[in-house]
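Here are my notes on the model. Please read them with the structure open.

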Amino acid sequence: MNSKLKKEISFLITVVITLFVGFMFIAILLRPQRLDIKDIDLNAVDNGEYIGICQNKILFAVVKVHIENHEIADIEILEHKSSYMTQAQQIADDVCSKQSLEVDAISGATLTSDTVLKAVENALKPKEK
């Protein structure tokens, strides 16, 4: 092999490795995190509709929580990544059934589950004055 070809191959390998490392770095930076979800005292929540938002790096959830007689009557997923909408709705349904944020995450969609739960928590937690 001639010297010029060796230099071109070395350059190409360096570019490929640099791109790979760059993509991995960005993927790590944008990866959603596990979130700390705290349960809500529904006795302290008045009747009405509450909007909650959670941004978890690249995951984003917006929910509308409807409270009647200190119970969660309904949770509507207003915004979420469409490919995880089924799992997001399942988590919302579980919260309504258990009347608690202490529900099991959906297998294979733990970070989606956390993001929806945190949005519900954000909707219902007491507002700071």
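1. Helix 2 and helix 3 are oblique to each other. Their axes cross at roughly 50° and come within 9 Å. Oblique covers the angles left over once roughly parallel (under 35 degrees), roughly antiparallel (over 145) and roughly perpendicular (65 to 115) are taken out. Axes are lines fitted to C-alpha atoms, for helices over the stretch in contact, and angles run from 0 to 180 degrees between N-to-C directions.

2. Helix 2 spans residues 85-98, and helix 3 spans residues 110-124. Helices are DSSP runs (H or I, at least four residues), numbered from the N terminus.

3. The crossing of the two helices is right-handed. That means the near helix is turned clockwise from the far one by less than a right angle.

4. Helix 2 brings A88, I91 and V95 to the contact, and helix 3 brings T112, S113, V116 and L117. Contact means heavy atoms within 4.5 Å. By class, five of these residues are nonpolar, two are polar and none is charged.

5. How many disulfides are there? The count is zero. A disulfide needs two cysteine sulfur atoms within 2.5 Å. The closest cysteine sulfur to that of C54 is in C96, 18 Å away, so the two are too far apart for a bond.

6. C54 is buried, at 6% relative accessibility. C96 is buried too, at 18%. Buried means under 20% relative accessible area (1.4 Å probe, protein chains only).

7. This is a predicted model: local features need pLDDT of at least 70, side-chain atom pairs count only at pLDDT 80 or more, and totals for chains, interfaces and linings use all residues. Residues are numbered from 1 along each chain as its sequence is written, and side-chain values use heavy atoms, leaving out hydrogens and water.

Methods:
Buried means under 20% relative accessible area, exposed over 50%, partly exposed in between (1.4 Å probe, protein chains only). Ala, Val, Leu, Ile, Met, Phe, Trp, Tyr, Cys and Pro count as nonpolar, Asp, Glu, Lys and Arg as charged, and the others, Gly among them, as polar.
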